[in-house]
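Q: I am new to this structure. Can we go through its features one at a time?
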Amino acid sequence: MQTGDAELDRGAIDPARTAAVVLVGGQGSRLRPLTLSTPKPMLPTAGVPFLAHLLSRIAAAGIRRVVLGTAYRAEVFEGFLGDGSALGLDLTCRPEPEPLGTGGGIRHAADALAPGFDEVVVFNGDILSGVDVRAVIGEHRAAGADATLHLVRVPDPTAFGCVPTDATGRVTAFLEKTLTPPTDQVNAGCYVFRREVIDTIPTGRPVSVERETFPGLLAGGARLQGHVESSYWLDLGTPASFVRGSADLVQGAAPTAALPGPVGTALLLPGAKVAPSASLTDGTTLGADVQVGEGSRVSGSVVMDGARIGDGAVVERSVIGPGATIGDETVVGDAVVGDGAAIGASCELLAGVRIWPGLVIPDGGLRFSGGA
């Protein structure tokens, strides 16, 4: 969608009336074992917790007041983010007393906002996106909408619920996954609400914004608008998408103002040491104090703080948890190695295998092929 000057003006943000809610309460079960100790939005992603990238985009748009709707391991967010002042934000964490779903979580978090905030932008805390926040707000205001959804076009919409719109951008339906979707437009997990609309969401019970709130508003004749973009968009809910998103951030394919170093083929945090004959490619991140041995190759992977990779190892499109060790000549491809796990020499970890924290695998103890 092309955005003209007039639309940009309509999307100008007044920090006194526009606030943000970020939903970060999920348990991240698809990313286990990484999320056994760390909430998904706080996983190190291109050198910093993923949430730092999202908050940097919110701050860059001109929003200052942000409420995090937390649940799982809420104390981790508060300990790292504080009041948000280091990020230029006025930040509050609002833990849910019980899991409230997406709609209930929005209502619970928004209750922490002062009455003057009559426009609320909602973000799912596990989406890496290049959404033009001001353009979404501009369309919301121009349409006089009750709620506006950021929509993206995807090559295979059968994996998502679809959101068709008419010629004016008005949402006409919310459709579950189907083998014959009528549109390639899908819900991208960013919304703009009039505050009064959020206040109608029921309290004290779980509510799904996708299955209850939006269909109910549509059935009641509310104006729901769709803002369609072809910007970068990725759900970081699986190990494969997590490592891809981190690599895209490192290489500059995904937008952020929080990358702790220059864009390039690899990102090294303080204390990381790489042997002269080793190679790092395809957006790899090495956390603090990581060591990579002679002749090893690390490609498109996330290697977290304190991990050790021996000599002649190959690590591709994988996550190596903090303090984990990878033995000499071991191959790790499309795999997850949990915190503190110890993988011996001459092993093969391939095809989505996940090693739980602290597990010890002896030399040659796990292979996916023959060989010595």
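A: Begin with a term. UniProt positions are given in the numbering used here, and annotations may be inferred rather than shown by experiment. Keep in mind too that this is a predicted model.

Q: Which feature does UniProt place at residues 265-347?
A: The record, an unreviewed entry, places "domain: Mannose-1-phosphate guanyltransferase C-terminal" there. In the model, the span 265-347 is 0% helix and 41% strand. Its end C-alpha atoms lie 27 Å apart.

Q: How do strands of a sheet pair?
A: They pair through backbone hydrogen bonds, either parallel or antiparallel. Take an open sheet of 6 strands here, with parallel pairing. Its order is β12-β15-β18-β21-β24-β27. The edge strands are β12 and β27 (354-355), and each pairs on one side only.

Q: How many bridges join β12 to β15?
A: There are 3 bridges, and the two strands run parallel. Strand β15 covers residues 284-286. Ala-266 has Thr-284 in β15 as its bridge partner.

Q: Why is Asp-282 called partly exposed?
A: Partly exposed lies between the two cut-offs, under 20% for buried and over 50% for exposed. Asp-282 has a relative accessible area of 42%, so it counts as partly exposed. Asp-289 is also partly exposed, at 44%.

Q: Where do side chains point in a regular strand?
A: They alternate between the two faces of the sheet. Look at β1. Thr-18, Ala-20 and Val-22 point one way, while Ala-19, Val-21 and Leu-23 point the other way. All of them are buried. With 6 of the 6 residues buried, β1 is therefore largely enclosed by the rest of the structure.

Q: Which residues of β6 point one way, and which the other?
A: Glu-119, Val-121 and Phe-123 point one way. Val-120, Val-122 and Asn-124 point the other way. Strand β6 (residues 119-124) is mostly covered, with 6 of its 6 residues buried.

Q: Which strands pair with β1, and in what sense?
A: Strand β1 (residues 18-23) is joined to β6 by 6 bridges, and they run parallel. Ala-20 stands opposite Val-121 in β6. Strand β4 (residues 65-70) also pairs with β1 in the parallel sense, over 4 bridges. There, Val-22 stands opposite Leu-68.

Q: Do β6 and β9 run parallel or antiparallel?
A: They run antiparallel, joined by 5 bridges. Strand β9 covers residues 185-194. Phe-123 has Cys-190 in β9 as its bridge partner.

Q: What is the peptide bond from Arg-32 to Pro-33, cis or trans?
A: The bond is cis, with omega near 15°. Pro-33 is in the loop between β1 and β2 (44-45).

Q: How are two packed helices described?
A: By the angle between their axes and the distance between the axes. Here, α4 (residues 101-110) and α7 (residues 209-219) pack at about 70°, with their axes 7 Å apart. That angle makes α4 roughly perpendicular to α7. The residues of this contact divide into 2 nonpolar, 3 polar and 1 charged. From α4 come Thr-102, Gly-103 and Ile-106; they meet Val-209, Glu-210 and Thr-213 in α7.

Q: Which residues are buried in helix α5?
A: A general point comes before the list. An α-helix has 3.6 residues a turn, so residues three or four places apart point the same way. In α5 (residues 133-143), the buried residues are Val-133, Ala-135, Val-136, Ile-137, Gly-138, Glu-139 and His-140. Just after α5, Gly-144 takes a positive phi of about 60°.

Q: Is Leu-259 buried or exposed?
A: Leu-259 has 17% relative accessibility, so it counts as buried. Its place is in the loop between α8 (239-251) and β12 (266-268).

Q: Which residues does Leu-259 touch, not counting those up to four places away in sequence?
A: Leu-259 touches Ala-46, His-53, Leu-249, Val-250 and Leu-267. Sequence distance and spatial distance can be read side by side. Leu-259 and Ser-56 are 203 residues apart in sequence, yet 9.6 Å apart in space, C-alpha to C-alpha.

Note on methods
Residues are numbered from 1 along each chain as its sequence is written. This is a predicted model: local features need pLDDT of at least 70, side-chain atom pairs count only at pLDDT 80 or more; totals for chains, interfaces and linings use all residues. Side-chain values use heavy atoms; hydrogens and water are left out. Buried means under 20% relative accessible area, exposed over 50%, partly exposed in between (1.4 Å probe, protein chains only). Contact means heavy atoms within 4.5 Å. Axes are lines fitted to C-alpha atoms, for helices over the stretch in contact, and angles run from 0 to 180 degrees between N-to-C directions. Angles under 35 degrees count as roughly parallel, over 145 as roughly antiparallel, 65 to 115 as roughly perpendicular and the rest as oblique. Ala, Val, Leu, Ile, Met, Phe, Trp, Tyr, Cys and Pro count as nonpolar, Asp, Glu, Lys and Arg as charged, and the others, Gly among them, as polar. Two strands pair if DSSP finds at least two bridges between them.
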